[in-house]
Amino acid sequence: MDSIQFNIEKQFGVISAEKSGWQKELNLVSWNGRAAKLDIRDWSPDHQKMGKGITLTEGEAAALAELLVKALSNSE
C-alpha cells in the first residue's frame, strides 16, 4: 500500500487537546501533492501520525461557517 504524503502548509490553531498530547487542529494541508485545503483532524504531538478528519475547500469552509453561526445563534 502506498504511503500518504502530506505537507502542513499553515497551522491556524488548536481546537482541543488530549492529555496524551494529541490535538484537534485546523491546518492548511496538501495531500499527495494536490492543492492545499483546510483540514480538521487529530494530530500526534510530532505531527507524524494523524486521525481521521475532514478536508474542506475555501467555499465549503465558508458554507460551514455560515451554518455554524446559524446553529449557534439558534441554540440560545
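Let me start with a term: strands here are DSSP runs of E, at least two residues long, numbered from the N terminus. With that in hand, Ser 44 lies in the loop between strand 3 and strand 4. One caution before we go on: this is a predicted model.

Strand 3 covers residues 37–43, and strand 4 covers residues 50–56. The two pair in the antiparallel sense, over five bridges. Leu 38 stands opposite Leu 56 in strand 4. Strands 3 and 4 form a hairpin, with six residues between them.

Now, Ser 44 itself. Buried or exposed? Buried, because its relative accessibility is 5%, and the cut-off for buried is under 20%. What does its side chain touch? The side chain of Ser 44 makes a polar contact with the side chain of Asp 46, at 2.6 Å. A polar atom of the Ser 44 side chain also lies 3.4 Å from the backbone nitrogen of Gln 48. So please look at Ser 44, Asp 46 and Gln 48 together on the screen.

In this loop you also find His 47. Its phi is near 60°, a positive value in a residue other than glycine. Why point that out? Most residues other than glycine have a negative phi. His 47 is buried as well, because its relative accessible area is 17%.

Where is Asn 32? In the loop between strand 2 and strand 3. Asn 32 counts as partly exposed, because its relative accessible area is 41%.

On to the aromatics. How many aromatic pairs does the structure hold? Three. I will take you through two of them, starting with Phe 6 and Trp 43. That pair is tilted: the centres are 5.3 Å apart, and the planes sit at 50°. The pair links distant parts of the chain. Phe 6 is in strand 1, residues 6–17, and Trp 43 is in strand 3, 37 residues apart.

How do the two partners compare for cover? Phe 6 has 27% relative accessibility, so it counts as partly exposed. Trp 43 has 0%, so it counts as buried.

Next, Trp 31 with Trp 43. Their ring centres are 6.4 Å apart and their planes are at 15°, so this pair is stacked. The cut-off to keep in mind is that planes under 30 degrees apart count as stacked. Trp 31 lies in strand 2, residues 23–31, and Trp 43 in strand 3, so the pair ties together parts that are twelve residues apart in sequence. Trp 31 is buried, and so is Trp 43.

Last stop, the surface. Which residues make the nonpolar patch? Leu 64, Leu 68 and Leu 72. The area of this patch is about 270 Å². Leu 72 lies in helix 1, residues 58–74. Leu 72 counts as exposed, because its relative accessibility is 56%.

One is the loop between strand 3 and strand 4, with Ser 44 in it. Thanks, and over to you for comments.

Notes. Residues are numbered from 1 along each chain as its sequence is written. This is a predicted model: local features need pLDDT of at least 70, side-chain atom pairs count only at pLDDT 80 or more; totals for chains, interfaces and linings use all residues. Side-chain values use heavy atoms; hydrogens and water are left out. Two strands pair if DSSP finds at least two bridges between them. Helices (H or I, at least four residues) and strands (E, at least two) are DSSP runs, numbered from the N terminus. Rings of Phe, Tyr and Trp (its six-membered ring) pair if their centres lie within 6.5 Å; planes under 30 degrees apart count as stacked, over 60 as edge-to-face and the rest as tilted. Buried means under 20% relative accessible area, exposed over 50%, partly exposed in between (1.4 Å probe, protein chains only). Patches are made of residues with over 30% relative accessible area and no salt bridge: like charges are joined within 9 Å, nonpolar side chains (Val, Leu, Ile, Met, Phe, Trp, Tyr) within 5 Å. Accessible areas come from the Shrake-Rupley method with a 1.4 Å probe; for residues, only the protein chains shown count as cover. A salt bridge is a side-chain nitrogen of Lys or Arg within 4 Å of a carboxyl oxygen of Asp or Glu. A polar contact is a pair of N or O atoms within 3.5 Å; within protein, one must be able to donate a hydrogen and the other to accept it, and residues adjacent in sequence count only if both atoms are side-chain atoms.
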